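Take each task on your own before you read its solution.

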Amino acid sequence: MTDTERQRPSLSFEIFPPNTKTSNELLLDTLDELQDLGPHFISVTCSNKQANLQTTTLKLAGYIQKNLKVPSIAHITAAYSSKQEIREALQTLDRFKTKRILALRGDIYEDKQPTGDFQHASELIQFIKKEDPTFQISGACHPEIHPEAASRVADLHHLKEKVDSGCDDLITQLFFDNDIFYRFRENCEMVGIDVPIYPGIMPIVNRNQALRLIQTTKTALPRKFVAILEKYEHDPASLRAAGLAYAIDQIVDLVTQDSAGIHLYTMNQSQTALSIYRATKTLFKEESLIV
Ligand code: FAD
């Protein structure tokens, strides 16, 4: 099979709605730069407490779709939403011609009682499919098991139920060890999950981000990755360079192992996305080799 005949993986980005006017203006510049890279889609996160879904996530997803002409995905969480709020969100997205949703349960907070309309992401997916079957729905998946799951088998079983509820594809939680993803993908195949799975990759480019990650995540940190964080803890330029190289290495491996695509957690940093794009673009888009 020649390169031309071979299906190229997709490249997509995740952004989050900023909470200040200045960062909002910066995000519009970031989006202009991301648009130039011709992504397959850009997804927009939401706050699980749903404080202002309409004016943040949905507005931004609509802007990307209508103004930038890039397919967008609106994240919608279920735990603190009512059915009526979801109905209104679907109407807004329909008006914006944004027909893709990442349907999530969202995290549960000890001090806040969920609405009770949806227990799990699968119930939200069933609800959306019933309200408007024309929406394309993505689901989240957790290659290292969702922290609340009773076991790997139980988590996989629930993921299969989620996909059967109407998921068109899955996007993974971030991970730094590709072997964990490959085992997860194989397990999915074994239980009959046959939708595309997009690995979520987060390039680590600064110390605060690295520290936050180490303190909060349950994600396995490979020796090679920890060594970068330790060695360049007080050398921002080298940490950035090594963090980018690590992410690029992960991406090259994933693409050569036939991943459906790469979903990059950009943290609203176009320069990070741009550096990765420059290093890997021929893996995603065909280009003639000029020597
Ligand atoms: P679910 O699929 O409902 O799973 C949650 C837990 O319930 C799992 O342990 C699962 O095994 C279990 N479960 C599922 N179904 C059943 C059942 N029928 N019976 C018993 N147990 C069951 N959070 C945000 O707040 N905003 C975002 O924008 C956001 N974006 C994300 C994007 C990606 C790609 C990912 C991977 C996560 C994102 N999250 C976001 C985090 C996500 O909301 C949390 O991981 C949350 O804790 C679980 O959401 P879920 O959709 O995976 O839940």
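**Exercise 1. A ring pair**

Does Phe225 count as buried or exposed, and at what relative accessibility? Then look at its ring partner.

Solution. Keep in mind as you work that this is a predicted model.

- Step 1: Buried means under 20% relative accessible area. Phe225 has 4% relative accessibility, so it counts as buried.
- Step 2: The rings of Phe225 and Tyr246 make an edge-to-face aromatic pair, with 5.1 Å centre to centre and 65 degrees between the planes.
- Step 3: Phe225 belongs to helix 8 and Tyr246 to helix 9 (residues 236-256), 21 residues apart, so the pair links distant parts of the chain.
- Step 4: Tyr246 has 9% relative accessibility and therefore counts as buried.

**Exercise 2. Other rings and charges**

Find how many aromatic pairs there are, and describe the one formed by Phe175 and Phe181.

Solution. 

- Step 1: The count comes to 7 aromatic pairs.
- Step 2: Phe175 and Phe181 are stacked, at 5.3 Å centre to centre and with 0 degrees between the planes.
- Step 3: Both Phe175 and Phe181 are buried.
- Step 4: Tyr182 joins in as well: ring pairs link Phe175, Phe181 and Tyr182 into a cluster.
- Step 5: Now turn to charges over rings. Lys99 lies over the face of Phe135, 4.2 Å from the ring centre, and Arg100 lies over the face of Phe41, 4.7 Å from the ring centre.

**Exercise 3. The surroundings of one residue**

Work out where Asp169 is found and which residues it touches.

Solution. 

- Step 1: Asp169 is found in strand 6.
- Step 2: The relative accessible area of Asp169 is 3%, so this residue is buried.
- Step 3: Leaving out residues up to four places away in sequence, Asp169 touches Arg100, Gln136, Ile137, Ser138, Gly139, Val195, Pro196 and Tyr198.
- Step 4: With one of these, Ser138, the side chain of Asp169 makes a polar contact of 2.6 Å.

**Exercise 4. Positive phi**

Where do Lys97 and Met267 lie, and what is the phi of each?

Solution. 

- Step 1: Start with some background. Most residues other than glycine have a negative phi.
- Step 2: Lys97 has a positive phi, near 60 degrees, and is not a glycine. Its place is in the loop between helix 3 (83-95) and strand 4 (100-104).
- Step 3: With 61% relative accessibility, Lys97 counts as exposed, because exposed means over 50%.
- Step 4: Met267, also not a glycine, has a positive phi of about 50 degrees. You can find Met267 in the loop between strand 8 (261-265) and helix 10 (270-284).
- Step 5: At 30% relative accessibility, Met267 counts as partly exposed.

**Exercise 5. The whole chain**

How many helices and strands does the chain have, and what does its radius of gyration agree with?

Solution. 

- Step 1: The secondary structure comes to 10 helices and 8 strands.
- Step 2: A compact globule of 291 residues would have a radius of gyration near 19 Å, and the chain agrees with this because its own value is 19 Å.
- Step 3: Along the principal axes, the C-alpha atoms fill a box of roughly 55 × 45 × 45 Å.
- Step 4: Of the 291 residues, 48% count as buried.
- Step 5: Take the contacts with a separation of 6 or more: residues 24 or more positions apart account for 80% of them.

Technical notes. Residues are numbered from 1 along each chain as its sequence is written. This is a predicted model: local features need pLDDT of at least 70, side-chain atom pairs count only at pLDDT 80 or more; totals for chains, interfaces and linings use all residues. Side-chain values use heavy atoms; hydrogens and water are left out. Rings of Phe, Tyr and Trp (its six-membered ring) pair if their centres lie within 6.5 Å; planes under 30 degrees apart count as stacked, over 60 as edge-to-face and the rest as tilted. Buried means under 20% relative accessible area, exposed over 50%, partly exposed in between (1.4 Å probe, protein chains only). Helices (H or I, at least four residues) and strands (E, at least two) are DSSP runs, numbered from the N terminus. A charge sits over a ring if NZ of Lys or CZ of Arg is within 6 Å of the ring centre and within 35 degrees of the ring normal. The radius of gyration is taken over C-alpha atoms; the globule rule is 2.2 Å times the number of residues to the power 0.38. Contact means heavy atoms within 4.5 Å. A polar contact is a pair of N or O atoms within 3.5 Å; within protein, one must be able to donate a hydrogen and the other to accept it, and residues adjacent in sequence count only if both atoms are side-chain atoms.
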